[in-house]
Amino acid sequence: MTYLAKPKLHHPDLPLNKLGLTRRDYEGTVSTLCAGCGHDSITAAIIQACWELDMPPHRVAKLSGIGCSSKTPTYFLGQSHGFNTVHGRMPSVLTGANVANRDLIYLGVSGDGDSASIGLGQFAHVMRRGVNMTYIVENNGVYGLTKGQFSATADRGSKSKRGALNTDESIDLVLLALQLGATYVGRGFSGDKTQLVPLIKGALVHPGAAFLDVLSPCVAFNNHEGSTKSYDYVREHNEAVNALDVITMHREITTSYAPGTIQEVRQHDGSVLRLRKIEESYDASDRLAAMNYIQRRYAEGEIATGLLYVDAEPRDLHESLNTVAMPLNQLGERELCPGNAALEKFNQGLR
Ligand SMILES: Cc1ncc(C[n+]2csc(CCOP(=O)(O)OP(=O)(O)O)c2C)c(N)n1
Ligand code: SF4
Ligand SMILES: [Mg+2]
């Protein structure tokens, strides 16, 4: 881990967002990842998305597990809350933090090893509980940090750098997230920032469990011929179903489109997700159709990307648990000790 601070000086004409912050105010320390690693491009996309959303950095809690991908929260949002958990355990720590304080914006960053191997159980439960968060897997098909072993997302038949064949079936976290009830599910590519930034913005404003699988090539161990997670392979097989514009209360997009080519999703916080259809027949509000479509494309050797599913009326864990709106650390004596009459009423309810 590096603690190298970036030089504070920046060009005086850098554009400011509504909070008066430049894009640089959303950066972290200097990255120590390999030059060309896809993860660094995802870091840049997160910085851009948070800056464009005018997100106050102190309102964000970033959490991760272990891996090159899980190191990246050090490289963005240096002014935010951060927690680096044990390998594969980010989802339960994020759930606990969210239950205790629903006022923060939760951003979980993980790897395919962290989420699809050791952390698969944790991944499943955080999705089925509908925790309000953005969960990003930086998917390179290998354990980058421990020198390139196949992960559980490596495709069957793909080859390691040394020529070994992967004989195991792969896990598609997008399909799993859909099956488990995530309410915003997308897939992006670290090499396509134009698609990725709006996908991250949409996830951050979505009031439920948002999952993004971002294909993110590992240049050190999985960028060769025979890999299905290399820059060349993903570029050649990437089939975007739509392009997304995120319209928040602060920033209106005024472009107009031909009727029938747009699918609009209004969320209850007032934000609007505007989907420009690239694949005419694709309906991002149909969970079952999305699962079917993704699997069919996969069988044809294609990787479906874009906003693959969104539920305009998501259920969040707090709604299911009927929790108090106030963060637990702000509850005073009056709320915590409501008196004998309230205790008696509560006890009666248990008899
Ligand atoms: C409990 C535990 N088991 C194993 C490890 C060793 N380990 C560290 S990172 C890692 C895999 C990381 O892969 P991934 O999540 O895909 O991240 P990447 O480095 O590819 O971004 C493993 C197995 C560990 N740190 N802790
Ligand atoms: S080993 Fe792979 S995943 Fe890790 S920093 Fe290098 S290129 Fe990125
Ligand atoms: Mg990995």
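Start by selecting Arg23, which is partly exposed at 26% relative accessibility; buried means under 20% relative accessible area, exposed over 50% and partly exposed in between, with a 1.4 Å probe and protein chains only. Arg23 and Glu27 form a salt bridge, their closest N and O atoms being 3.4 Å apart. A salt bridge here is a side-chain nitrogen of Lys or Arg within 4 Å of a carboxyl oxygen of Asp or Glu.

This is a predicted model, in which local features need pLDDT of at least 70 and side-chain atom pairs count only at pLDDT 80 or more, while totals for chains, interfaces and linings use all residues. Residues are numbered from 1 along each chain as its sequence is written, chains are lettered from A and ligands numbered from 1 in the order in which they are written, and side-chain values use heavy atoms, with hydrogens and water left out.

Next, select Asp213 and Arg187, a salt bridge with its closest N and O atoms 2.9 Å apart. Asp213 lies in strand E8 (residues 209-215) and Arg187 in strand E7 (residues 184-189), so the pair ties together parts 26 residues apart in sequence. Strands (E, at least two residues) are DSSP runs, numbered from the N terminus. Both Asp213 and Arg187 are buried.

Move to Glu264 and Arg274, whose side chains meet in a salt bridge at 3.0 Å, N to O. Glu264 belongs to strand E11 (residues 262-266) and Arg274 to strand E12 (residues 272-277), so this pair links parts ten residues apart in sequence. Glu264 is partly exposed at 38% relative accessibility, and Arg274 is buried, with a relative accessible area of 11%.

Finally, select Glu239, Glu279, Arg297 and Glu300, which salt bridges with shared partners join into one network. The structure holds 14 salt bridges.

Note on methods. Helix = DSSP H or I, 4+ residues; strand = E, 2+ residues; numbered from the N terminus.
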